[in-house]
Amino acid sequence: MVNWKTNERQAVTSVWASIDAAGHGQETLERLLHVYPWTRRYFGKFGDLSTFNAIRQNPHVRTHGAKVLGAIAECLNHMDNIRGHLAQLSILHSDTLHVDPANFNLLGKCLLIVLAKSVGAGFTPDVHAACHKLMVEIADGLSRQYH
């Protein structure tokens, strides 16, 4: 379990209040699928993901991006037990979807870029650190079933 300082909780909550789950989720997945093309293998049912334009125009990317960011938002309601909260998603991703857990960290990196771009000057080093801490905790929670 991670210990959250009050200012870290406030930073994460403040940033998350400005999130557009569908838009920011889509951009996060666009970056993931383009920058790390091997991650496309987990999204075979999405259809054409062969180019950045195909990824950007794919409605499944937007829908799934919103779903992912919705799940992350729900983690904010369980900040004292993110790992426990994500236990079932961890089982799904390991046993059914067979997602390489390293990809959870890649998703977090892409999301941090999207957040920095969206928040702009308000994405201070302290805010960045708090959001990074959240993404590391989420990636760890999703990876628990693999251990």
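This structure holds one cavity of 30 Å³ or more. Before I go on, the ground rules. The model is predicted, so to speak of local features we need pLDDT of at least 70, side-chain atom pairs count only at pLDDT 80 or more, and totals for chains, interfaces and linings use all residues. Residues are numbered from 1 along each chain as its sequence is written, and side-chain values use heavy atoms, with hydrogens and water left out.

Now, what is a cavity? On a 1 Å grid over the protein atoms alone, a cavity is a set of points where a 1.4 Å probe fits but cannot get out. A pocket is an open set with protein on both sides within 12 Å along at least five of seven lines, and for both, lining residues have an atom within 4 Å of a point. Grid points are joined across faces, edges and corners, and the volume is the space filled by probe spheres set on the points. Rolling a probe the size of a water molecule over the atoms shows where empty space is left.

The largest cavity has a volume of about 30 Å³. Its lining is Val12, Trp16, Leu111, Leu112, Leu115, Cys131, Leu134 and Met135. Two or more of the lining residues come from each of helix 1 (6-17), helix 7 and helix 8. Helices here are DSSP runs of H or I with at least four residues, numbered from the N terminus. By class, the cavity lining has eight nonpolar, no polar and no charged residues. Nonpolar covers Ala, Val, Leu, Ile, Met, Phe, Trp, Tyr, Cys and Pro; charged covers Asp, Glu, Lys and Arg; the others, Gly among them, are polar.

Next, the largest pocket. Its volume is about 770 Å³. How many residues line the largest pocket, and which lie nearest its centre? There are 26, and Phe43, His64, Val68, His93 and Leu97 lie nearest the centre. Helix 2 (21-35), helix 4 (59-75), helix 6, helix 7 and helix 8 (125-143) each give two or more residues to this lining. Helix 4 gives the most, with five residues. The lining of the largest pocket is made up of 19 nonpolar, five polar and two charged residues.

Together with Leu89 and Leu92, Leu97 makes a nonpolar surface patch of about 210 Å². Patches are made of residues with over 30% relative accessible area and no salt bridge, with nonpolar side chains (Val, Leu, Ile, Met, Phe, Trp, Tyr) joined within 5 Å and like charges within 9 Å. The areas come from the Shrake-Rupley method with a 1.4 Å probe, and for residues only the protein chains shown count as cover. Leu97 is found in the loop between helix 6 (87-96) and helix 7 (102-119). Buried means under 20% relative accessible area, exposed over 50%, and partly exposed in between. At 41%, Leu97 counts as partly exposed.

His98 is in that loop between helix 6 and helix 7 too. Its phi is near 55 degrees, a positive value in a residue other than glycine. His98 is exposed, with a relative accessible area of 56%.

On to salt bridges. A salt bridge is a side-chain nitrogen of Lys or Arg within 4 Å of a carboxyl oxygen of Asp or Glu. A search of the whole structure finds eight.

Asp80 pairs with Arg9, and their closest N and O atoms are 2.3 Å apart. Asp80 is partly exposed at 43%, and Arg9 is partly exposed at 27%.

Is Glu30 buried or exposed? Glu30 is buried, because its relative accessibility is 4%. Its salt-bridge partner is Arg56, with the closest N and O atoms 3.1 Å apart. This pair links helix 3 (residues 52-57), which holds Arg56, to helix 2, which holds Glu30, across 26 residues. Arg56 is partly exposed, at 42%.

Arg83 and Glu137 also meet in a salt bridge, at 3.1 Å from N to O. Arg83 lies in helix 5 and Glu137 in helix 8, so the pair ties together parts that are 54 residues apart in sequence. Glu137 is buried at 7%, while Arg83 is partly exposed at 26%. Arg83 and Glu137 belong to a network of salt bridges with Asp140 and Arg144.

How values were computed:
Buried means under 20% relative accessible area, exposed over 50%, partly exposed in between (1.4 Å probe, protein chains only).
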